[in-house]
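Have the viewer open as you read.

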Amino acid sequence: MEGDAAADFLEELLDIADLDGDIDMDVDGDRAAVSIVGGDLQHLVGRDGDVLEALQELTRLAVYRETGERSRLMLDVDGYRAQRRAELVVVAEEAIEKVRASGESVPLEPMSPFERKVVHDAVADTGLISESEGVDTNRHVVVLPASE
């Protein structure tokens, strides 16, 4: 139901904006994963994924309006999130190496909630610890040395 409501909203949005694109639905863990693929969709991603983040929130609101339940769906456009996830794993690996070499905490640049989760997961897989600090657009991950 969640994926269907999201797909209906996004198809209507693409029609209104006169954009070509196909909607793919999947499940990623316990979340609906909805992707818009095909056509020239880069402007739906925006600079640093800003438009994609806003579009995801609008889609979640549309799902809530339709189902009455909060949605945690993840939206991807033109493979942006998949590519960004791979880039963030590299960023996390570099920070992990710095922490291991220096024994000092390493703060990263501000990130969206999606980006922070990718980094937290990558850090956790290595046995180190990470936490989010800051507020709003300055929220970022700090990779910490393993506690003794």
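## The negative patch

Helix H1 (2-16) and strand E1 (22-28) each put at least two residues into a negative surface patch. Keep in mind that this is a predicted model. H1 makes the largest contribution to the patch, with five residues. Asp8, for one, has its place in helix H1.

## Paired charges

Side chains of opposite charge can pair when their charged atoms come close. How many salt bridges does the structure hold? The count is eight.

One of them joins Arg72 to Asp30, with 3.1 Å between the closest N and O atoms. Arg72 sits in the loop between helix H2 (50-67) and strand E3 (74-77), while Asp30 is in the loop between E1 and strand E2 (31-37), so this pair ties together parts that lie 42 residues apart in sequence.

## Rings

What does the charged end of Arg81 sit over? That would be the ring of Phe114, and the distance to the ring's centre is 4.7 Å.

If you were hoping for aromatic pairs, there's nothing to show: the count comes to zero.

## The overall layout

Stepping back, the chain is built with four helices and six strands. Reading from the N terminus, the elements go α-β-β-α-β-α-β-α-β-β.

As for dimensions, the C-alpha trace of the chain spans about 55 × 30 × 25 Å along its principal axes.

Technical notes:
Residues are numbered from 1 along each chain as its sequence is written. This is a predicted model: local features need pLDDT of at least 70, side-chain atom pairs count only at pLDDT 80 or more; totals for chains, interfaces and linings use all residues. Side-chain values use heavy atoms; hydrogens and water are left out. Rings of Phe, Tyr and Trp (its six-membered ring) pair if their centres lie within 6.5 Å; planes under 30 degrees apart count as stacked, over 60 as edge-to-face and the rest as tilted. A charge sits over a ring if NZ of Lys or CZ of Arg is within 6 Å of the ring centre and within 35 degrees of the ring normal. A salt bridge is a side-chain nitrogen of Lys or Arg within 4 Å of a carboxyl oxygen of Asp or Glu.
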